[in-house]
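This report describes selected features of one protein model. The sequence and the structure come first, and the account follows them.

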Amino acid sequence: MRRLGISTIVTLALFLASVTASFAQQKIDVVASFSILGDLVKNVGGDRVNVAILVGPNGDTHVYTPSPQDARKITDAKLVVVNGLGFEGWLPRLVKSAGGQAVIVTASDGIAERDINNKADPHAWQSVINVKGYVSNIREALVAVDPSGAAAYRANTTAYLAKLDTLDAEVRSAVAAIPVARRQVISSHDAFGYLSDEYGIAFVAPQGVSTDSEPSAQDLAKIITQIKTAKIPAVFLENISDPRLMRRIAADTGAKIGGTLYSDSLTAENGDAPTYIDMVRHNIKALTSALN
Ligand code: ZN
């Protein structure tokens, strides 16, 4: 009998180890269009999914330009999760050029859409109630592409929905503590309409519902008058927008800068808002401390 050389044994051992590892890590490849959705998919998918995010931390999805790597992520994916409501205008072309077999799911399906000037307001995630709908849609989509994980996806979703219920209650009691007349702020772009409708803080934004255009001098003058007349107490910066406009408005009106709000994007792991729940907590804390 011929004895196996040591190098053959090492090669065989490495081969077996890699086969075992690939069985253990048969993860479902999912693409999320932006960081907030990426976090929701991770919470529902747990360790069964491998999540790739197109527009990463502090990125601006309104004006994003996809890269060839983004197309490759879509080609390889089983599922692509998008917000919809016109948020990712660049996505249909990217999906078409990427090809592949991925199922596309629109996380906002079924929520009560809010319109501004006859256009859908895409920022539905600023209401925790809507995000409960997002999470249910993501669960259904994952169950459909990976039925053997159904029990895990349902258990993860139930646990996460309970956290969202706690978060929703926190937001309501924080807003209830702000004097009614002071529940109004300025933010750079019109990203908080759903928060406003759900929880009752009024937002005025010079930039409109997208970040793709600058406000006109006329719009700006109108807002400055509005801030002075309504005695709006605070102006907020956003992580995805140029802070100069808001600093100028604060200087012209005497409204104070209340800090930074996270509108369309999470931060990196070491920032103030690495997860959706952190983001909502940060925003509501910033709002209550500026308005109380
Ligand atoms: Zn936005």
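Strand β7 (residues 184–186) pairs with β9 in the parallel sense over 2 bridges; two strands pair if DSSP finds at least two bridges between them. Helices (H or I, at least four residues) and strands (E, at least two) are DSSP runs, numbered from the N terminus.

The model is predicted: local features need pLDDT of at least 70, side-chain atom pairs count only at pLDDT 80 or more, and totals for chains, interfaces and linings use all residues. Residues are numbered from 1 along each chain as its sequence is written, and side-chain values use heavy atoms, with hydrogens and water left out.

**Strand β9**

Val235 in β9 is the bridge partner of Ile186. β9 also pairs with β10 in the parallel sense, over 4 bridges, and there Glu238 stands opposite Leu261 of β10.

| Strand pair | Sense | Bridges |
|---|---|---|
| β7 and β9 | parallel | 2 bridges |
| β9 and β10 | parallel | 4 bridges |

Together with helix α9 (residues 244–253), β9 and β10 make a right-handed β-α-β unit. Right-handed means that, with the strands pointing away from the viewer, the path from the first strand over the helix to the second runs clockwise.

Because 5 of the 5 residues of β9 (residues 234–238) are buried, the strand is largely enclosed by the rest of the structure. Buried means under 20% relative accessible area (1.4 Å probe, protein chains only). In a regular strand the side chains alternate between the two faces of the sheet. In β9, Ala234, Phe236 and Glu238 lie on one side, Val235 and Leu237 on the other, and both faces are covered.

**Thr267**

Thr267 sits in the loop between β10 (256–261) and α10. Thr267 counts as buried because its relative accessibility is 8%. Leaving aside residues up to four places away in sequence, Thr267 touches Pro57, Asn58, Tyr262, Asp272, Ala273 and Pro274; contact means heavy atoms within 4.5 Å.

**The two domains**

The protein chain is divided into domain 1 (23–170) and domain 2 (178–291), with bounds from an automatic or database domain assignment. The contact takes 37 residues from domain 1 and 30 residues from domain 2. The two domains bury about 2,700 Å² between them, 56% of it on carbon and sulfur atoms. Buried area is the accessible area (1.4 Å probe) that two parts lose on being put together, summed over both. Asn58, Arg114 and Gln126 supply 25% of the area that domain 1 buries against domain 2, more than any other three residues.

Note on methods. Buried means under 20% relative accessible area, exposed over 50%, partly exposed in between (1.4 Å probe, protein chains only).
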